[in-house]
Amino acid sequence: MPNLEAPEQQEDGRNLPGPAEPHHAATPLVSRAKAEQRERTQDQAPPVARFYLAVSRIRSFVWRLIEEEAAHGRAILFAPIYMGLGTIFWFKADIDPPPQTVLAALLVLAGSFLFRREAGRVLRHVLFAGMLVCLGMALAQWESWRASTVMLDSAVTTTVTGRIERRESYDNGGWRYVVKVDKTEKPAIRRPPERVTIFVRKQAEPFNLGDRIQGKARLTPPAGPALPDLNDFAFSSYFNGIGANGFAFGKPTLLSPASDVAADSVSDKADIWLAGLRNSIGDRIRRTLPGDTGAFAASLVTDERRALSDETTEALRMAGLTHIIAISGLNMALSAGIFYIGLRYLFSLFPGMAQAWPTKKIAAFGALVTLTAYYLISGFGVSAERAFIMMAIMLVAVLFDRPSISLRNVALSAIVILSLSPSQVLGPSFQMSYAATLALVSGYTLWKRRQHRENILSRSRLLSPLLFVTRFFGGILSTSFIGGASTAIFSIEHFHRLATYGLAANLAAMPIVSFVVMPFGMAAMLLMPFGLDGPFWQITGEGLELVIAIAKTVAGWGGDITFGRQPAWLMPTFITGFLLMTMLRTSVRHVGLLLLLSSLGVAAFGSGVPKPDLMISEDGVLVALRQDDILATNRERPQAFIFEQWQRALVASEHQPPTILPVNSRLPQISKTDHRRRLSVEEQGAVRKAMDEALDQAMQGSFACQKGAWCVAMLENGAMLVTIEDAAYLSPACDTANIVVTPVRLRLDRCRSGAMLFTGATLRQTGSIEMDLSTDKPNVVTAFENPQRPWARHRTYDWRTGTFGAPIVRASPVSDNGE
């Protein structure tokens, strides 16, 4: 037996007191004596030597674990992680990293990794990680160049002429169109976006895809973050190719039908044909199953979710069942699995064929074809793309006799998606999908280890049915729990809410989805070309009605917990712990459990993130003051899209509307057609006096408003806040208040009195604003410090000069006449 004493005495590079033992066969008595002697030697060693020895032992232990992990050969699992880190770093940077530097670093690291084969295992892994991080950055840069979406710089009402590329119905009879813009006029936009979405209200007969239309529409840029660090919707719009959103005034005019409009290329023709097929399938399903049931069934096939009513959508969300309406891993797995199992069962009815042909591979190939068809009619959504790639890799693995469910397949699908669409790594859909998949695959691996224990019980005829039922509902219970637990922190981070009764809802709804909805829905789709799909859709509809009833019942229990914004370190900590638990095989993975529990504990017992006292929307229309869980706004009916995000992020459930002051005949009246009128000195004095008097009628921490003109509020620090609807009130507001907010795009950024001024122009560059008023000098936090990234650069565009980055005019103090 080798001597164990000498190496330990020299682990720190120096000889400790005590002679080395000779080689001999150690007996328990000798080993005990040697251990006692080693302990005495260590106790007698100087403190510095004992410290170095402890550090050396820890280092040896960690190194041994690293070597053990490396011996498993799972480096491929870390490839998408390193690529994702590179893409996140690129997207989160304040400016575009120099592409030449990124490319040079990629080439150097790739060359070192490929040609330095004699390097140690750790060094090679470091080179491997650095290479993939640079690759992720390069792919993110390439996707940004590839998109190059022109974003509208400011809201405008114009006449749009273009061709319809997509359409989607709403439950209120409206239609949302994606229009490829040919031209704009009255006024002509100098920098028009290539594609816009236009909502048309109450249109009985929708336009067809490919139709060329013209109509007057109000277009606005894609929304930025409702508060700093919240979701930037312009980011996803940029990579989806949408440069503006808006609504039409009335019904647009059809200039020429699709048959008269020549497509730009063969790919455009194929795209329009697929979109038309998708819309015809959705329309047929909704005609067969009216109401929410038909909209629900259509969403499972074509991914059109807007036709579902708000009530049903909210019930599904509160019950934790929204994953059903999204074409994701569940839908793809059920459709491919049903076809695969059904085809294999059909082959089993013919023993000769089953023995002569590789029925398993034939069934896998058939399932792959079915999966591809499903993906083509699903609208190429983000979740559908991810689920298709993942399931396709698993089915291809069956064709090559490889394990279909493994972490390697999950890693390969993530690599493919990050190569095609790196921007998805920041989206909640990507993060939640792969978190659930990693957790489920790891859980499946653990379940397989104990599966052999049940094989003995399954041989019993009496226990076999019971075991099947137990496995089925146990599988639903475990998958729902694992999937819900693994995605909980992402739901808290991105949506600031969590459905606590999702486990019960999934346990009740998933058997219906698995045995009724998906099988009969697939049969209806296969029989649709022959016109025999009606009865199968009726059975599918009955199942979906039960799912909706379950969702509404569970939603009625409450259980929808709202969480505020979380600290910046929470998500990286959780993701690190989660990856350690699911991807490692040594005892290091238990460290991941500690990180997970600490992350969830912080989220559950309060994040400690300071809450602002004052919030301003990016257009300056909505302003709110916060006191505990109450938000007081300057609008009786605040914009739901912005206000609901504020409520969730700040955990403020109550709304305090403003006090509307009676009409004062002594105040100047400014009509919409006379908005450029300037107030006289007497009128300005009357407005200042009315603003001062309005403070006495306003409740503490709330607004008092002269409707359509201005609002005032007294802040907790004694400062006065005024919001104005028209630039004519600017001079009296600046003379009266400490903070002035207006949505008007003034070419000013300061008041003569020194009051803080926020206008539509300044807010367009800074985005939404929040303030902490607990100090003498308000702490102002903006959504954008320097909007120079491709998806935010439109904020600095000046249509007057046609240039980017034109600074806001630093005007002289405001004069008495408001100039």
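**Rings, bridges and patches**

Trainee: Let's start with Phe 78: at 22% relative accessibility, what does this residue count as?

Mentor: Phe 78 counts as partly exposed, because its relative accessibility is 22%. Buried is under 20% relative accessible area and exposed is over 50%, with partly exposed in between, using a 1.4 Å probe and protein chains only.

Trainee: What sort of model is this, and how are residues numbered?

Mentor: It is a predicted model, where local features need pLDDT of at least 70 and side-chain atom pairs count only at pLDDT 80 or more, while totals for chains, interfaces and linings use all residues. Numbering runs from 1 along each chain as its sequence is written, and side-chain values use heavy atoms, with hydrogens and water left out.

Trainee: Back to rings. What makes an aromatic pair?

Mentor: Rings of Phe, Tyr and Trp (the six-membered ring for Trp) pair if their centres lie within 6.5 Å; planes under 30 degrees apart are stacked, over 60 edge-to-face, and the rest tilted. That rule gives 24 aromatic pairs. One of them is Phe 78 with Tyr 82, a stacked pair at 6.2 Å centre to centre with 25° between the planes.

Trainee: How are Phe 78 and Tyr 82 placed along the helix?

Mentor: They are four residues apart in helix 4 (residues 75–92), so about one helical turn separates them. Tyr 82 is buried, at a relative accessible area of 14%.

Trainee: And what kind of pair do Phe 91 and Phe 235 form?

Mentor: Phe 91 and Phe 235 are edge-to-face, 5.3 Å centre to centre with 90° between the planes. Phe 91 belongs to helix 4 and Phe 235 to helix 7 (residues 233–240), so this pair ties together parts 144 residues apart in sequence. Phe 91 and Phe 235 are both buried. Helices (H or I, at least four residues) and strands (E, at least two) are DSSP runs numbered from the N terminus.

Trainee: Which residues are in the cluster of linked ring pairs?

Mentor: Ring pairs join Trp 90, Phe 91, Phe 235, Tyr 238, Phe 239 and Trp 791 into that cluster.

Trainee: New topic: how many salt bridges does a search of the whole structure find?

Mentor: The search finds 24 salt bridges, each being a side-chain nitrogen of Lys or Arg within 4 Å of a carboxyl oxygen of Asp or Glu. Asp 283 and Arg 286 form one of these, with the closest N and O atoms 2.8 Å apart. They sit three residues apart in helix 8 (residues 266–288), so again about one helical turn lies between them.

Trainee: Is Asp 283 buried or exposed?

Mentor: Asp 283 is buried, with a relative accessible area of 18%. Arg 286 is buried too, at 17% relative accessibility.

Trainee: What is the closest N and O distance for Asp 560 and Arg 497?

Mentor: In that salt bridge, the closest N and O atoms are 3.2 Å apart. Asp 560 lies in strand 8 (residues 560–562) and Arg 497 in strand 7 (residues 497–499), so the pair ties together parts that are 63 residues apart in sequence. Arg 565 also bridges to Glu 770, at 3.0 Å between the closest N and O atoms. Here Arg 565 is in the loop between strand 8 and helix 22 (570–583) and Glu 770 in strand 19 (residues 769–772), so the parts tied together are 205 residues apart in sequence. Both Arg 565 and Glu 770 are buried.

Trainee: Which residues are linked in a network of salt bridges?

Mentor: Arg 163, Glu 165, Glu 194 and Arg 195 are linked that way.

Trainee: What is phi of Asp 303?

Mentor: Phi of Asp 303 is near 65°, a positive value in a residue other than glycine. Asp 303 sits in the loop between helix 9 (291–302) and helix 10 (310–318), and is buried at 12% relative accessible area.

Trainee: And what about phi of Asp 628?

Mentor: Phi of Asp 628 is positive as well, near 55°. This residue lies in the loop between strand 10 (623–627) and strand 11 (630–633), and is exposed, with a relative accessible area of 63%.
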